[in-house]
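Biologist: Before I plan anything around a model, I would like to learn how to read it feature by feature. Could you take me through it slowly?

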Amino acid sequence: MTTPRGPQPFPGQEKRLRLLAFVRQDSVVRVDKRVEDTAMTWPHLLVIEFIAAMIWSLGLFAISALFNAPLQDHSTIDCTPNPSKAPWYLLNLQELLLHMDKGLAGVIVPTVWLTFMAFIPYIDSSRDGIGHWFTNEVGKKCAIFSAVFTTAAVFGLIFVDVFIKIDRSVKDPVTGAVTGWPGYGTFATQYFPGGSELIPNYIIPIGVMLVLPVILVQLCIRLFGAGTREWMIAIFTGFVASYLVLTVVGTSMRGPGMDLYAPWALPETHQCFEPTH
C-alpha cells in the first residue's frame, strides 16, 4: 500500500489552485535546412542565363553574316507580290481571314482568347500537381488526345472550306447575292436579311469555334475522367495545335491568290496581281 506524497489538505478541506500570471512563450527557433538540389539565383542561375543569351546572340550574328535575308525587290505600285503574306508569326491570323469575317478573325477571336487565358488561374485554382508536366497521367493523355484531335479537325475544316465552301466569286442570278450554292442566296436573302454574308462569315465560324472545344472537353471527361485541370490542359493544347496548323498552312500551302497548294507544288512568290480596270 502506497501513501500520497506532499502536503495533503485537512479532512473536509478542498485543495485549491491559483493562477498567478501568464508567461509568454519564447519564440521557436527554426533550423534553416536547405534542400540539396537547389541553387541560388545569383550567381548560379543568372550567370547561366547570361551565357546562354550570349551564345544565342553570337549564333544569330554568325547566321546573319553567312546568309542573306530572303528579301524581295523594292515595292512598286506596278507590281504587288502574289501572294502578299504577313510575317510568319502572323500567318495564322491571316489564314483565319480566309475563313471568316475580317473583324472577327483579326480582332474578336484574338481578344476573346487572350481574355480567356487571363481567366485560366481563376477557373483552375487548385494547387495540386504544380510544377509537374501535365499534372498527372490523365493530363498527359488529354494533351496528346487534344493535339491529335485539334490537328485533324483544323486540317479537315480548312480542306472543307476550300473544296465545299461557298464560292464568294459567284453571284446569285436573281438577287445578286454572293453565293456558290444553288438557291442559297435567295433563301438567305428572303429569310435572313444580309444572310448571304452573315451565315458563312459569322454564324458558321462562331458555331464551329464554340462547338469543337465543348466536344473536346466532353471527350476528355468521358474517355479519361478528366477534371478541371486536365480539360484546361486539353483546351490550351488545342490552341497551340491550332496555332501551329494555321501557321504551317499559311506558310507552306498558300500560293498565288492565297489558293491552297501542296507544299511540294507551291509556286514561287514572284508573280504580280493583274491590275483591274
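Predicted model: local features only at pLDDT ≥ 70, side-chain atom pairs only at ≥ 80, totals over all residues.

Biologist: Which residues make up the largest nonpolar core?

Modeller: A nonpolar core is a set of buried Ala, Val, Leu, Ile, Met, Phe, Trp, Tyr and Cys residues joined through side-chain atoms within 4.5 Å; buried means under 20% relative accessible area, exposed over 50%, and partly exposed in between, with a 1.4 Å probe and protein chains only. Here the largest such core has 11 residues, namely L96, M100, L104, A105, V109, V154, I158, V245, L246, V249 and M253. Two or more of its residues come from each of α3 (102–123), α4 (137–163) and α7 (228–252), where helices (H or I, at least four residues) and strands (E, at least two) are DSSP runs numbered from the N terminus. Apart from it lies another core of 8 residues, including L216, V217, A226 and I235.

Biologist: What does L246 touch beyond its sequence neighbours?

Modeller: Contact means heavy atoms within 4.5 Å. Leaving aside neighbours within four places in sequence, L246 is in contact with L91, N92, E95, L96, V154 and I158. S242, also found in helix α7, touches T150 and V154 when residues up to four places away are not counted, and S242 is buried at 19% relative accessible area.

Biologist: How many salt bridges are there?

Modeller: Side chains of opposite charge can pair when their charged atoms come close. The rule asks for a side-chain nitrogen of Lys or Arg within 4 Å of a carboxyl oxygen of Asp or Glu, and the count comes to 2 salt bridges. In one of them, R254 pairs with E95, the closest N and O atoms being 2.7 Å apart. R254 lies in the loop between α7 and β2 and E95 in helix α2 (residues 91–97), so this pair ties together parts that are 159 residues apart in sequence. Both R254 and E95 are buried. R229 forms a salt bridge with D124, with closest N and O atoms 2.2 Å apart; this pair links helix α7 to the loop between α3 and α4 across 105 residues.

Biologist: Are the rings of F145 and F149 stacked or edge-to-face?

Modeller: Rings of Phe, Tyr and Trp (its six-membered ring) pair if their centres lie within 6.5 Å; planes under 30 degrees apart count as stacked, over 60 as edge-to-face and the rest as tilted. By this rule there are 11 aromatic pairs. The rings of F145 and F149 have centres 6.0 Å apart and planes at 20°, so the pair is stacked. These two residues are 4 residues apart in helix α4, separated by about one helical turn. W113, F116, F236, F239 and Y243 form one aromatic cluster.

Biologist: Where does the backbone show a positive phi in a residue other than glycine?

Modeller: One case is F134, with phi near 65°, in the loop between α3 and α4; F134 is partly exposed at 33%. M258, not a glycine either, has a positive phi of about 60° and is found in the loop between α7 and β2 (271–272). At 16% relative accessibility, M258 counts as buried.

Key
Residues numbered from 1 in each chain as written. Heavy atoms only, no water.
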